[in-house]
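Hi,

Here is the structure I promised to pass on. Have a look, and my notes on what turned up follow below.

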Amino acid sequence: MKDRTIKKTDILIDCSLTGGRGMAKQGYELAQAFTERGIKYLMCCDQGFAYKLRDLGVEPDIIVPTALNRPAAEVISSFESALKNVDFRYLIKIGARMAGPRVAYLRKIPYVIVDAALPDRMDSGTENLYSKPVFLGAQEYFLTTQFTWRYPDRFPELGNVTVVTYPMSQRTKDILTELRLTPDAAIAERVRSFVPEVKN
């Protein structure tokens, strides 16, 4: 029997459907920053991405039973079903594929997109993972790794893009400050403790 319990939150973080660990790190940083500030949220991801968050110490609240390598129609259906009983007021999507934001778009719930690049493409309609209406419907599209601080005009209709810095929690800032004050030899020794292949 399926769980029909309604999960409620103000903010739903959708960290799903991406191959890289950079998006997991962004999800971790956002979750850490929210926790530090006492902001309640739920973290959502697909089954294929959950282990990347767990590797960083983040346990997803909602794991959608699908993965990046599944057909788009199946992924969309899985997200619709998994989020059916989730009551959220705002969605933050980390990554490019729009299954989670599509749910927010159709429910008329505000959302933002955070990604390291502009979309590979924008397809018409909403029955795909690169839905142009969903991209254009975001309140903001935060682009985190674009230099020279201006984004390319490949999609001139995508007027909601803002170039921003990578999100960082206070914990990560403290670690970086500590590393800045640590001698190189001590840093190399510390890295060797969990990556033995590092020689110097």
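Lys 93 sits opposite Ile 113 of β5, in a model that, keep in mind, is predicted. The strands involved there are β4 and β5 (residues 111-115), which run parallel and are joined by 4 bridges. The link between them is also worth a look: β4, helix α4 (residues 99-107) and β5 form a β-α-β unit that is right-handed.

On to the other neighbour I checked for β4. Strand β1 (residues 7-15) pairs with β4 (residues 86-94) in the parallel sense, over 8 bridges, and Ile 13 is found opposite Ile 92 of β4.

Now zoom out. What order do the strands of the open sheet take? There are 7 of them, pairing in parallel, and the order reads β3-β2-β1-β4-β5-β6-β7. The edges are β3 and β7 (161-163); each has a single partner strand, so one side of each lacks a neighbour in the sheet. From one strand to the next, the twist averages 25 degrees.

Between β1 and strand β2 (residues 41-46) there are 4 bridges, again with the strands running parallel. In that pair, Asp 14 stands opposite Cys 44 of β2. Two helices to look at on the sheet: α3 packs on it with contacts to β1, β2, β3 and β4, and its direction makes about 150 degrees with that of β3. Helix α4 packs on the sheet too, touching β1, β4 and β5, at about 130 degrees to the direction of β4.

With 12 residues at 1.5 Å a residue, α3 should span 16 Å, and its end C-alpha atoms are 16 Å apart, so the two agree. Which residues of α3 are buried? Val 75, Ile 76, Ser 78, Phe 79 and Leu 83. These cover an arc of only 160 degrees around the axis, and therefore lie on the same side of α3.

Last one: Thr 66, in the loop between β3 (62-64) and α3 (72-83). Is Thr 66 buried or exposed? Its relative accessibility is 4%, so Thr 66 counts as buried, the cut-off being under 20%. Leaving aside residues up to four places away in sequence, Thr 66 touches Asp 46, Gln 47, Gly 48, Glu 74, Val 75, Ser 78 and Phe 79.

Cheers

Technical notes:
Residues are numbered from 1 along each chain as its sequence is written. This is a predicted model: local features need pLDDT of at least 70, side-chain atom pairs count only at pLDDT 80 or more; totals for chains, interfaces and linings use all residues. Side-chain values use heavy atoms; hydrogens and water are left out. Two strands pair if DSSP finds at least two bridges between them. A crossover is right-handed if, with the strands pointing away from the viewer, the path from the first strand over the helix to the second runs clockwise. Buried means under 20% relative accessible area, exposed over 50%, partly exposed in between (1.4 Å probe, protein chains only). Contact means heavy atoms within 4.5 Å. Axes are lines fitted to C-alpha atoms, for helices over the stretch in contact, and angles run from 0 to 180 degrees between N-to-C directions. The expected span of a helix is 1.5 Å times one less than its number of residues. The arc is that of the directions from the helix axis to the C-beta atoms.
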